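This report looks at selected local features of one protein model.

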Amino acid sequence: MEQQTLFDPDAAAPLAARLRPQTLDEIVGQEHLLGPGKVLRRMMEGDRLSSMIFWGPPGVGKTTLARVIAHHTKASFIDFSAVTSGIKEIRAVMQQASSNRCFGERTIVFVDEIHRFNKAQQDAFLPFVENGSIILIGATTENPSFEINGALLSRCKVFVLHALTAQELTALLSRALTDPRGFGRMRVQISPQMLEAIAAFANGDARTALSTLEMAVLNGETQGDAVAVTEKTFEQCTCQRSLLYDKKGEEHYNLISALHKSMRNSDPDAAVYWLARMLEAGEDPLFVARRVIRFASEDVGLADPRALEMAVAAYQACHFIGMPECNVHLTQAVVYMSLAPKSNALDVAYQEARKDALEQRAEPVPLALRNAPTRLMKELDYGRGYQFAHDTHERLTAMPCLPDSLRGRAYYRPTEQGLEARFKARLEQIKAFKEAHGPDGGVPVR
């Protein structure tokens with residue numbers, strides 16, 4: 001007979017753990033994978049599972065889905081954490097899986113946060129995945145292309161799990177209020193508007209949504225046999241949201257890309273929003289300022305030469321006073337960049353010149369452009385044929401400065417945007433002069 005206890009271990013578990021789905025039909029979201037006729041559901045129903053990687057943000061059901069798969073296929077399930085396990089633990093698990101295989105039992109090895117394993121640890125799974133001893137299911141919040149070894153990744157199918165929508169989270173919260181595993185045995189009084197607000201607050205994360213609901217209910221006011229969640233309690237439970245951000249992960253690069261492309265598309269509202277997302281998540285303001293400096297020349301350039309001054313000034317302001325005061329200086333800079341006329345002529349010029357520098361024959365510097373500080377160098381004709389532009393009325397000569405093989409090559413092609421139109425007109429005058437006067441230029445040689 002099972003010994004009775006005053007304490008129910010299930011009741012003591014967090015709400016998110018108590019409501020963890022047991023079947024496919026209980027899983028909320030991921031219809032693109034689990035809906036009728038979708039690929040993952042067909043794999044499970046046809047019992048044709050192979051090793052796979054679940055990639056998605058926190059709280060979307062990666063671990064839950066792995067457990068449901070194991071239960072559905074009647075396979076042995078081994079839960080493995082990349083945070084606490086090493087090579088020794090991997091080998092022990094693989095031996096257990098090999099033993100299970102001898103008795104005709106399949107083993108699903110679920111590795112949470114698989115991106116935390118180093119190359120040697122990931123490679124330890126390879127032979128067992130290849131010979132079918134295990135079905136590996138890895139879960140990661142990071143882009144597998146960057147974080148999973150190519151050899152292991154090539155043997156796994158990658159499934160992308162999406163953040164839950166506000167409607168899906170609201171449905172999940174409503175179920176939590178009626179399910180006996182949740183608050184179904186209590187009379188919880190909470191408005192539909194609060195449930196919708198919690199769903200929005202959770203930002204696609206089911207675990208956050210359920211945890212917030214649990215906090216609100218446990219801190220609610222008892223009214224007889226009911227618990228009422230007041231507006232004051234609700235506000236305290238949703239006062240601060242943690243933004244998903246990893247300064248070294250993919251989201252870091254996604255957000256700075258969004259900022260850069262919003263400025264390039266002359267959208268100051270979007271640029272300020274992505275700036276706020278980065279700064280409020282804890283990004284180093286100097287990192288953002290450096291990217292704005294790059295943008296000033298890459299995407300604005302000579303269409304507005306003051307853009308670079310503005311960007312450098314914003315960097316200095318961030319360096320002097322730091323966050324949170326420097327947020328307004330960065331805002332000024334990104335709005336200026338967004339509204340400035342755009343030209344990428346400088347970046348295009350450099351990239352084309354770089355290509356020639358790397359791929360064409362590295363010709364020596366023309367003698368006319370070399371300095372001759374010694375008598376020997378003068379005897380070797382260093383500097384012979386150099387034309388001093390300041391000796392001319394126009395301050396111009398037609399002396400060629402590119403190597404012979406690149407003579408006539410044009411890298412900088414100014415646009416008509418902003419002030420660059422003036423630079424374009426000046427460049428056209430210079431080229432016309434050089435064409436008219438020929439290579440010698442008729443200028444005294446120094």
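Helices (H or I, at least four residues) and strands (E, at least two) are DSSP runs, numbered from the N terminus. The model is predicted, so local features need pLDDT of at least 70 and side-chain atom pairs count only at pLDDT 80 or more, while totals for chains, interfaces and linings use all residues. Residues are numbered from 1 along each chain as its sequence is written, and side-chain values use heavy atoms, leaving out hydrogens and water.

Arg395 lies in the loop between α21 (375–379) and α22 (420–437). Its phi is near 60°, a positive value in a residue other than glycine. Another such residue is Glu113, with phi near 55°, in the loop between β3 (107–112) and α7 (119–123).

Relative accessible area sorts residues into buried (under 20%), exposed (over 50%) and partly exposed (in between), using a 1.4 Å probe and protein chains only.

| Residue | Relative accessible area | Class |
|---|---|---|
| Glu113 | 25% | partly exposed |
| Arg395 | 47% | partly exposed |
| Thr140 | 2% | buried |

Thr140 belongs to strand β4 (residues 135–140). Its side chain makes a polar contact of 2.8 Å with that of His115. A polar contact is a pair of N or O atoms within 3.5 Å; within protein, one must be able to donate a hydrogen and the other to accept it, and residues adjacent in sequence count only if both atoms are side-chain atoms. Contact in general means heavy atoms within 4.5 Å. Beyond its neighbours within four places in sequence, Thr140 has contacts that include Trp55, Lys62 and Ile114.

For helix pairs, axes are lines fitted to C-alpha atoms over the stretch in contact, and angles run from 0 to 180 degrees between N-to-C directions. Helix α18 (residues 306–321) and helix α19 (residues 327–339) pack at about 165°, their axes 9 Å apart. α18 is therefore roughly antiparallel to α19; angles under 35 degrees count as roughly parallel, over 145 as roughly antiparallel, 65 to 115 as roughly perpendicular and the rest as oblique. Residues in this contact include Met310 and Ala314 of α18 and Leu330 and Tyr336 of α19.

In the loop between α18 and α19 is Pro324. The peptide bond from Met323 to Pro324 is cis, with omega near 5°.

Helix α11 (residues 166–178) and helix α13 (residues 206–218) cross at roughly 40°, and their axes come within 10 Å. This makes α11 and α13 oblique to each other.
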